[in-house]
Amino acid sequence: MKVLLNGATGGSNFGDFLFAKIFQDSVVKLVGHDNVFLYESRYNMSDFFRRHLNYNNKYKLKDIDALICISGGYFCGDDHTLKDYIIRYLSYFRLCIKCIRRKIPIAIIGVEVGKPKSKVMEIIQRYILKRASLLIVRNNESLVQLKEYGITNGICTTDTAHVLKSNFKINIDTKSLTNKKVFLHVQLSNINATERIIPVFNKFLKNHPEYSVIIGTDQYTKNKDALNEISKKIACSKVSIYHYDNPMDLCKLLLEVDFIITPKLHVGIMGATFSKSVVSFSIHSEKIQRFYHQLKEEDRTLSMENFDEKKALEMMESFHNLPMNVPEVIFDLANKNLQSLELFLKNLNDGAII
């Protein structure tokens, strides 16, 4: 059986890489390395993904037996222009439509679903989602959106990245206060957001000299100067810079810190998975607010659209020493995504899915 994986593999984004690795490893165990392929196009399979996934397989679509749309937020885009919608279609949805027309079974597992601003994109998403043989979304808001599309066979679980808890040793932090570390996550594509956070962060550091600071990103960049410039604005004598290259190393870093301040989703998700203290000042807020709502931790996230210095400082003070506690049921639901994947491929191999 030859299986094709489709997802957000066009850049170097941390969360999207975690999904690609999780699904690649899982499917390889089921059908063998030579039978697992990743969708390649102008917008998919960057050199970063190819290198870190050690991927060099080649395929022809006519030989593919199943398409797996791996976890991610690409059914809930934050698009604003016609170009954004075209790139989203070419990156994720054109392949799905080709497979539907070829009657190749599709499993869509652990995705975010939202209502796009474009009516055309809404029609495309509904068309694909309705025709999936297996459809799993990662939160209740996505399930509600499916029902608005008239789709009633969706299954609600959680974010697949939680399964990585078992890949890393989780230690209870017994370090003294003088050794505490805070990771300030910077999104280089939106430096203005970081510039707004820094004055509040410096006030927090003044109140908490026990913290040293690590500044880093979750996307690869050759521009090393940007983080250096940000580091000069941090009012702390112990500031180090983490240059993102290997996503699994970022997981290890998150495991080592005590407090995480992030504008994005998966640095927060992995921080929660590792029982770290997390505060989120979100930029693409819809997906992020859904995640913290699922964990009943809504007070840990604040949209940059509604950013308020007083509120932000209160959040840092309230949560810096309060680790997140992810219920065991969440980890069970994340593992259900991979169990459902295995059952889908088994049924397909046995002829139960046509």
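The model is predicted, so local features need pLDDT of at least 70 and side-chain atom pairs pLDDT 80 or more, while totals for chains, interfaces and linings use all residues. Residues are numbered from 1 along each chain as its sequence is written, and side-chain values use heavy atoms, without hydrogens or water.

Let's start with helix 3, which spans residues 82-101 and bends by about 50° at Phe-93; the bend is the angle between axes fitted to the seven residues ending there and the seven starting there. Helices are DSSP runs of H or I with at least four residues, and strands are E runs of at least two, numbered from the N terminus. Just after helix 3, Lys-103 has a positive phi of about 60°.

Helix 3 also gives the most to the lining of the largest pocket, with 5 residues. Lining residues have an atom within 4 Å of a point of the pocket, an open set on a 1 Å grid over the protein atoms alone where a 1.4 Å probe fits, with protein on both sides within 12 Å along at least five of seven lines. Among the 38 lining residues, Asn-13, Asp-16, Arg-88, Gln-219 and Lys-287 lie nearest the centre.

Here is how the lining divides, with Gly among the polar residues and Tyr and Cys among the nonpolar:

| Class | Lining residues |
|---|---|
| Nonpolar | 11 residues |
| Polar | 18 residues |

Finally, the structure holds 0 disulfides, a disulfide being a pair of cysteine sulfur atoms within 2.5 Å. The sulfur of Cys-69 has its closest cysteine sulfur in Cys-96, 3.5 Å away and therefore too far for a bond.
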